[in-house]
Amino acid sequence: MVAHDQAVGRLRESYERIPAGEPVRLAKRSSNLFRPRTDTERPGLDVSKLTGVISVDQDARTADVQGMCTYEDLVAATLPHGLTPMVVPQLKTITLGGAVTGLGIESSSFRAGLPHESVLELDILTGAGDLVRARPDGEHADLFRMFPNSYGTLGYATRLRIELDRISPYVALRHVRVGLDSLAPAIDEIVASGTYDGEPVHFVDGVAFSPSEAYLTLGRNSDAAVRTSDYTGRQIYYRSIRQRPKDFLTAHDYLWRWDTDWFWCSAAFGAQQPVVRRLWPRRWRRSDVFHKIVGFENRHHYAARLNRRRGHPDRERVVQDVEIPVARLADFLRWFDGEVGMRPVWLCPLRLRGSESWPLYPLKPGETYVNVGFWGTVPIAPGAADGDVNRRIEQAVSDFGGHKSLYSDAYYDRETFDRLYNVSALTTVKQRYDPDARLTGLYEKAVTRQ
């Protein structure tokens with residue numbers, strides 16, 4: 001805690017160095033966001049020493065964690081105790097603070113909810129420069145409830161105390177092929193009973209390769225030591241879903257099964273071609289490396305210029321995660337395949353753990369949703385504008401009763417955005433903790449990329 005207190009002191013000193021009236025932003029080198037922001041030369045908040053795990057209480061199954069700690073480092077600290085965060089997002093360099101103030105979903109979310117639901121208390125540096133300890137009740141309960149999904153518009157977490165879950169040394173997998181119309185009944189069975197075909201299910205996600213080929217991957221904690229697969233080398237995890245009805249991974253490799261190939265997106269860089277894969281160093285087969293390549297392209301547009309020279313149409317980035325009520329899932333997937341045509345897509349069931357909704361991401365308690373993730377680009381049709389496909393998706397998500405996360409591009413008009421993301425409630429709390437509006441607003445961040 002001495003080192004942590006020193007790190008917080010360093011953060012507060014950096015806040016004081018930002019001129020009065022200037023916007024407050026993080027001085028952060030990396031990000032998992034897919035909505036580029038306006039560059040600035042202004043000084044930012046120094047969070048460079050807020051990247052560690054303060055302590056793990058094995059008996060209480062809790063951990064005190066600094067806000068900029070990555071899940072890679074957090075898992076490394078908890079796994080030796082047979083523990084893991086309740087929800088571990090798929091990519092290693094997502095930070096705990098980022099998942100709580102943004103969004104994080106994984107295969108435990110059908111029973112463990114979202115990352116912010118496992119937070120017991122957190123310390124937040126507010127836009128006013130105050131360090132506030134927020135809990136579910138008490139003086140700052142309003143900030144505790146509003147902080148999740150606020151994307152840094154209320155402040156930044158310096159420390160979070162979170163619940164931990166037990167995990168076995170291994171995870172046994174079943175890849176079950178199901179038709180689109182069978183997805184909802186299968187998911188409902190798993191949510192209701194925690195089992196499928198008589199076997200326990202501790203983790204569930206899936207992939208739709210096409211409307212006629214979808215799989216649910218069912219994970220079960222296991223203490224048995226049998227031969228495990230390795231998807232950090234030549235083998236590619238998402239391909240195994242179609243090839244192996246059953247599989248076996250260490251708990252560590254299961255948690256990071258998607259990171260090596262950034263789901264399937266490493267194919268865009270040639271990293272799945274056998275020759276390239278042999279030459280591509282294993283230490284660079286990581287989602288953050290691929291993300292840096294995308295960032296480089298966003299800044300310099302080399303690939304886009306080459307694409308134009310070849311006479312190909314410009315391409316629109318379609319990188320989204322949306323939550324669809326499970327009963328509407330099959331209809332949405334058919335619409336998406338027909339109208340957008342990106343394959344495959346990721347499927348991950350989720351439910352809120354508690355009985356209350358959260359103000360800025362109003363999923364309904366007691367209702368099962370499925371996160372549908374799709375990440376890539378599509379050609380811009382003649383006469384169409386960049387963003388048109390994303391706008392159609394946004395409208396379809398609303399039409400199907402769903403909701404969309406804000407880590408990537410958003411195109412809503414102000415009125416629609418404010419209604420969908422409860423900005424009026426956010427504004428009330430923001431006036432208390434950021435009265436001078438030093439922190440950028442949610443619409444400005446998510447839509448206008450400030």
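Helices here are DSSP runs of H or I with at least four residues, strands are DSSP runs of E with at least two, and both are numbered from the N terminus. You're looking at a predicted model, where local features need pLDDT of at least 70, side-chain atom pairs count only at pLDDT 80 or more, and totals for chains, interfaces and linings use all residues. Residues are numbered from 1 along each chain as its sequence is written, and side-chain values use heavy atoms, with hydrogens and water left out.

Let's start with the sheet. Strands of a sheet pair through backbone hydrogen bonds, either parallel or antiparallel. In this model, eight strands make an open sheet, and walking across it you meet S12-S7-S11-S10-S14-S15-S13-S16, with antiparallel pairing. Two strands count as paired if DSSP finds at least two bridges between them. At the edges sit S12 (246–250) and S16, each of which pairs on one side only.

Now zoom in on S15. Strand S15 (residues 369–379) runs antiparallel to strand S13 (residues 315–325), and eleven bridges join the two.

H13 lies across S13, S15 and S16, running at about 5° to S13. These angles run from 0 to 180 degrees between N-to-C directions, and axes are lines fitted to C-alpha atoms, for helices over the stretch in contact. H6 lies across S7 (170–178), S10 (203–210), S11 (213–222), S14 (345–350) and S15, and its angle to S11 is about 20°.

H6 has a helix partner, too. Helix H6 (residues 180–193) packs with helix H12 (residues 329–339) at an angle of about 145°, their axes 8 Å apart. The contact (heavy atoms within 4.5 Å) is made by Leu-180, Asp-181, Leu-183 and Ile-187 of H6 and by Leu-329, Ala-330, Leu-333 and Arg-334 of H12.

Two of those names come back as a charged pair. Side chains of opposite charge can pair when their charged atoms come close. Arg-334 and Asp-181 form a salt bridge (a side-chain nitrogen of Lys or Arg within 4 Å of a carboxyl oxygen of Asp or Glu), with their closest N and O atoms 3.0 Å apart. Arg-334 is in helix H12 and Asp-181 in helix H6, so the pair ties together parts that are 153 residues apart in sequence. Arg-334 is partly exposed at 38% relative accessibility, while Asp-181 is exposed at 54%.

Glu-121 is buried at 7% relative accessible area, whereas Arg-161 is partly exposed at 32%. Finally, Lys-404 and Glu-394 form a salt bridge with their closest N and O atoms 2.6 Å apart, and both residues are buried.

Methods. Buried < 20%, exposed > 50% of the residue type's maximum accessible area, 1.4 Å probe, protein only.
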